[in-house]
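Welcome, and thank you for taking a look at this model. Please open the sequence and the structure side by side, and let us walk through them together.

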Amino acid sequence: MSTTLTDRYVAAAVRHVSGKHRGEIDRELRAAIADDVEARVSLGESPGQAEYAALAELGDPAQLATRYADKATVLIGPANYPSYAKAMRLLSATVLPITYLVNAIGHWVRGENVAAAIFSPLGVTLTAAVYLFTGVTVLYVLLDRFGSERGPGEPDEDWKPDQLPFSDATATTTWSEVGSGIVLAVLLVVALFVQRSATLVTTASGSRVPVLDPTLWGFWVPFFVVVLVLSLALAVANLRLGRWTLVTAVAGTVLILAATGPLAYLFFEARVLNPALGSVFTSTGSWIGWLALVVLAAITVAVLAKTWSHRDRQRIEVP
Amino acid sequence: MKDTDLLDAHRQELWRGTVVLASLLALQKPGYGYGLLDALERAGVPAPANTLYPLLRRLEGQGLLTSEWDTSGARPRKFYRTSRDGLRLARELQKEWRAIDTALSRLDTEADPETNTGADTELGEQP
C-alpha cells in the first residue's frame, strides 16, 4: 500500500494531538482535503497537482496542530521569562565562579602544579553549569505551569495598583531572588550530604575525611536546614505580600539571628570543621573562627538593615 | 510595495475577529468545512483553511455549533450547524458590530466635521 501526500500530511498534523481527538481530526482533515482536491480537479488541474496545491494552502502541519491543540506551546511564558533570565544570570555569575575557585584552591592545596589547578576545575564547573541550567529551567517551567491559576502568558486579571513595586525595586523580594535562593539552598543541602562521602579533603596521614565535624549531624545540621527552609518560606510569603509587614520583618529578624548566631558560636568554639583536619583549623579562636565571625556579623547587619530600612521607607510612602 | 504589505497586515487584523460571527451566521444552514470555506470566500470574508477548521472545532467545543457526520454521500463529511446558543451569541456580536460602525463613524472627523466638535465627542459613549 502506497502512502499518499495526504496521508503524510494528516499524520504529521495529528501526531501531537491527544488521542481522544486524533481520530476525529484525522477524519475531518481528510474530508476537507478531498473536497479541496475535488474542487481543483473540476477546475482542470491534474489530481496530483490538485493534492499538492491543497496541502500547500493548508500550510505547515505543525502549525495547524498547534491551532487544533489550543494550548500553550511555550516552555516559559512572557510573564516569567524576564525573572527566569535574571535568575539564570545571577546564579551563573555567583555559583560558577565559586565552584571554579573552590575546586582550584582544593587542587592547589593538595600540592598539584599550577596548570592542573587552573584546568582541572573546568570539568567540574561545566558539570555544575549543566545542573544549574537544568535545575533553574525546570523550576521556572513548573512555576509557569502551576505558579498561578492563569495560563502561561496570560495577564493578571485581578491586578491592582497596590501590587506595583516600590520605586527601590532592588529592595523588594522578586521571583528571581526567590528562585535563586531555592536553587542555592538545594545546592547547599546537596553539598552537605556529598561532603560526607565524596570528599576532596585529605588529612596529613592521607585518609579522606568530611570537611565538617560529623558530630554536627546530631542536632545542628538539621537545625540549619530547618532555618533555611523557613527562610525560603518567608521569602515566598514576602513575594505574595509584596512588602514587609511587622510580622514578616520580625520573623525575618528571628530567622537570620537563628542562623548566624549559632553558626558564629560554633565557629568560635571551633566545632564546625572536622577535628581530623588538624589543629590549625580547629583550635578555639583560630583565624578561621575570627574570619567566620566577621563575615557572619556583616551578613547579619546587611540583612537586618535591608529588612528594616525597607519597612521604614514603606511607612513613609504609604501613610 | 511596503504600503500594500502594511495594509494587508492591518486588514487581516481587522477581519480576524469577524470569522467567528461569519461562521455562526452562515452555519444556520448546516454546512461542512470546505463548503463553508468556499461560502465565506464568495461572500468576501478572508478565512484561511488552516485557521477555519480548528476554529470550527473550538466553537463546537464551546457549544456554539453542533456537528454530525453525514455518510450518505460519496465521502463522509462532518456537517456543522449553529446551535441555539450560537445563534444568540451571533445576534449579540452583530449588535456589537453595529456599535463598532457607529463608534468609528463618530470618531471619523473627516466624514462629518460638524458633529465631531465640542462636547458631544465623549469617548466610550454607547449608542
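In helix H1 of chain A, Tyr9(A), Ala12(A) and Ala13(A) meet Pro61(A), Leu64(A) and Ala65(A) of helix H4(A). Meeting here means being in contact, that is, having C-beta atoms, placed from the backbone, within 7 Å. Helices (H or I, at least four residues) and strands (E, at least two) are DSSP runs, numbered from the N terminus. By class, this contact of H1(A) with H4(A) has 6 nonpolar residues, no polar and no charged ones. Nonpolar covers Ala, Val, Leu, Ile, Met, Phe, Trp, Tyr, Cys and Pro, charged covers Asp, Glu, Lys and Arg, and polar covers the others, Gly among them.

Before going on, a word about what you are viewing: this is a predicted model, in which local features need pLDDT of at least 70 and side-chain atom pairs count only at pLDDT 80 or more, while totals for chains, interfaces and linings use all residues. Residues are numbered from 1 along each chain as its sequence is written, and chains are lettered from A and ligands numbered from 1 in the order in which they are written.

**How H1(A) packs**

H1(A) also packs against helix H3(A). The table sets out the two pairs.

| Pair | Angle | Axis distance | Crossing |
|---|---|---|---|
| H1(A) and H4(A) | roughly 45° | within 7 Å | right-handed |
| H1(A) and H3(A) | about 15° | 10 Å | left-handed |

The axes are lines fitted to C-alpha atoms, for helices over the stretch in contact, and angles run from 0 to 180 degrees between N-to-C directions. Angles under 35 degrees count as roughly parallel, over 145 as roughly antiparallel, 65 to 115 as roughly perpendicular and the rest as oblique. A crossing is left-handed if the near helix is turned anticlockwise from the far one by less than a right angle, and right-handed if clockwise. H1(A) is therefore roughly parallel to H3(A), whereas H1(A) is oblique to H4(A).

Which residues bring H1(A) and H3(A) together? Leu5(A), Thr6(A) and Tyr9(A) of H1(A) meet Glu51(A), Tyr52(A) and Leu55(A) of H3(A). This contact divides into 4 nonpolar, 1 polar and 1 charged residues.

**The two chains**

Chain A has 11 helices and 0 strands. Chain B has 5 helices and 3 strands, in the order α-α-β-α-α-β-β-α from the N terminus on. Of the 319 residues of chain A, 14% are buried, and of the 127 residues of chain B, 19% are buried. A residue is buried if 20 or more other C-beta atoms lie within 10 Å of its own, exposed if 12 or fewer, and partly exposed in between, with C-beta atoms placed from the backbone.

The chains touch: 14 residues of chain A are in contact with 13 residues of chain B. On the chain A side, H2 (19–42), H3 (47–58) and H4 (61–69) each give two or more residues. H2(A) provides the largest share, 6 residues. By class, this side of chain A has 6 nonpolar, 2 polar and 6 charged residues.

**Nonpolar cores**

A nonpolar core is a set of buried Ala, Val, Leu, Ile, Met, Phe, Trp, Tyr and Cys residues joined through C-beta atoms within 7 Å. In soluble globular proteins, nonpolar side chains tend to be buried together. The largest core here has 29 residues, and among those touching the most other members are Ala13(A), Ala32(A) and Leu56(B). At least two residues of this core come from each of H1 (5–14), H2, H3 and H4 of chain A, and from each of H3 (33–43) and H4 (49–61) of chain B. Leaving out residues up to four places away in sequence, Leu56(B) touches Ser23(B), Gly33(B), Leu65(B) and Tyr80(B). A second, separate core has 7 residues, including Phe267(A) and Leu273(A).

**Two residues to look up**

Arg27(A) lies in H2(A). Arg27(A) counts as partly exposed because it has 16 C-beta neighbours inside 10 Å. Thr248(A) is part of helix H9 (residues 246–268) of chain A, and with 18 C-beta neighbours inside 10 Å, Thr248(A) is partly exposed. Thr307(A) is 59 residues from Thr248(A) in sequence, with 9.2 Å between their C-alpha atoms.

Notes
Two residues are in contact if their C-beta atoms, placed from the backbone, lie within 7 Å.
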